[in-house]
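Here are some notes for a colleague who is opening this structure for the first time. Please read them with the model in view.

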Amino acid sequence: MSVHPVSAPDPAATDASRRARVLMKGNEAIAEAAIQAGCDAYFGYPITPQAELLEWMARRMPEMGRAFVQAESELGAINMALGAAATGARVMVSSSSPGISLMAEAMSYMAGSGTPMVLVNVMRAGPGLGGIGPSQSDYFQATKGHGHGDYHVPVLAPASIDEAVDLMATAFELAEKYRTPVMLVADGILGQAMEPVTLRFRNPARHATDWALTGAAGREPRIVKSIDLVPEVLERRNLDLQHKYREIARHETRFDEWLLDDAEFAIVAYGTAARVARTAIERVREKGVKVGLFRPITLWPFPDHELARLSQRLDGILTVELSSGQMVEDVRLAVEGRCPVAFHGRMGGLVPSPDEVVGALKALRARVHRAKAEASAAAGAQGARP
């Protein structure tokens with residue numbers, strides 16, 4: 001699925017949209033979007049830079065007559081969520097990087113048992129306790145399984161607060177459609193920044209929960225579990241999971257393309273890094289350099305087929321991240337050597353500036369032009385031989 005820029009709206013619609021927009025902090029907008037999407041129960045534990053999300057839920061969930069629990073720890077929160085989700089409730093948990101690490105075991109249990117739940121990670125800089133600055137250094141953790149075992153979870157990565165609001169409803173849709181945990185990841189800037197938000201909340205239709213633990217009066221008991229001690233039975237469970245992941249990859253891959261129709265180079269970035277990349281692209285476009293943006297919205301499933309097709313007609317790709325380089329590995333796997341792939345990133349809570357991205361792009365272009373010149377000279381020398 002590709003999400004393309006829409007055409008300019010008419011002035012009347014724009015005016016109406018402005019009147020429907022309010023200024024909201026990212027964490028608070030995500031929380032309210034979850035409430036409006038029908039979240040029945042929230043479990044969490046305070047940690048920056050997502051603390052305002054928990055605070056918003058602490059006030060609003062009781063107002064709505066729904067369950068809010070500040071657990072004694074992240075371990076408590078995620079295991080309470082496992083229990084609530086097993087009853088068919090629409091459940092959300094939020095935390096930040098170190099807290100997400102503590103939740104890995106229960107996430108694996110939910111993936112193995114097919115228990116739907118939404119987990120929000122407002123990432124901070126690491127490793128360890130690190131600092132509260134923005135980061136994207138949890139990419140491996142989110143996309144490569146998080147916990148133990150052969151499993152994946154869909155991972156959504158908004159680039160604006162408005163998009164985060166929309167993707168919250170999508171997260172619940174995917175969780176319940178495929179009976180899987182779903183992660184929404186944002187860096188600390190997206191959680192702490194304030195932007196105008198269009199109040200277009202969605203409450204997805206609920207799926208039948210004929211698997212849920214709702215009491216066994218008048219029917220056979222149900223079991224939600226992830227343990228199978230017979231290897232052949234466990235292998236069948238794993239094969240079913242892998243089939244489900246292939247279906248998710250086939251139908252739920254999301255990405256955005258910007259100014260790529262005539263591009264000779266592309267920047268691949270997500271979240272805040274993608275917004276920095278857009279500014280850099282605008283600057284180099286003014287100087288006649290044809291560059292566009294490829295932005296994954298699902299980090300898993302990664303839009304590798306779409307990026308592979310794009311790479312066939314590009315001279316080079318620059319990957320920009322708030323990390324030491326994690327998504328760039330998936331970019332290189334997708335490209336498979338069809339064009340050069342370069343990387344630029346910052347760590348520790350620092351964000352690459354547009355000027356830095358422009359500089360990295362210039363270096364990539366110089367490298368490509370040098371390689372072409374060397375190849376041309378070698379071909380000329382080969383042709384000149386008697």
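**Notes on rings and helices**

1. In this predicted model, Tyr139, Phe140 and Tyr270 are joined into a cluster by ring pairs.

2. Counted by the rule that ring centres lie within 6.5 Å, the aromatic pairs number five. One of them is formed by Tyr42 and Phe68, whose ring centres are 5.7 Å apart and whose planes stand at 5°, so the pair is stacked. Because Tyr42 belongs to strand S3 (residues 41–44) and Phe68 to strand S4 (residues 67–70), the pair ties together parts that are 26 residues apart in sequence. Tyr42, at 0% relative accessibility, counts as buried, whereas Phe68, at 22%, counts as partly exposed.

3. The rings of Phe255 and Phe294 are also stacked, since their centres are 5.2 Å apart and their planes lie at 20°. This pair links distant parts of the chain, with Phe255 in strand S11 and Phe294 in strand S13, 39 residues apart, and both Phe255 and Phe294 are buried.

4. In helix H12 (residues 304–311), the buried residues are Glu306, Leu307, Ala308, Leu310 and Ser311. The buried residues of H12 pack against several elements, including strand S11 (255–258), strand S13 (291–296) and helix H13 (327–335).

5. Helix H2 (residues 26–36) packs with helix H3 (residues 51–63) at an angle of about 40°, their axes being 8 Å apart, and the two helices are therefore oblique to each other. The crossing of H2 past H3 is right-handed. Among the residues that meet are Ile30 and Ile35 in H2 and Leu53 and Trp56 in H3; by class, the contact has eight nonpolar, two polar and four charged residues.

Technical notes. Residues numbered from 1 in each chain as written. Predicted model: local features only at pLDDT ≥ 70, side-chain atom pairs only at ≥ 80, totals over all residues. Heavy atoms only, no water. Axes fitted to C-alpha atoms, helices over the stretch in contact; angles between N-to-C directions. Helix = DSSP H or I, 4+ residues; strand = E, 2+ residues; numbered from the N terminus. Parallel < 35°, antiparallel > 145°, perpendicular 65-115°, else oblique. Left-handed = near helix turned anticlockwise from the far one by under 90°. Contact = heavy atoms within 4.5 Å. Nonpolar A, V, L, I, M, F, W, Y, C, P; charged D, E, K, R; others polar. Buried < 20%, exposed > 50% of the residue type's maximum accessible area, 1.4 Å probe, protein only. Phe/Tyr/Trp six-rings, centres within 6.5 Å; stacked < 30°, edge-to-face > 60°.
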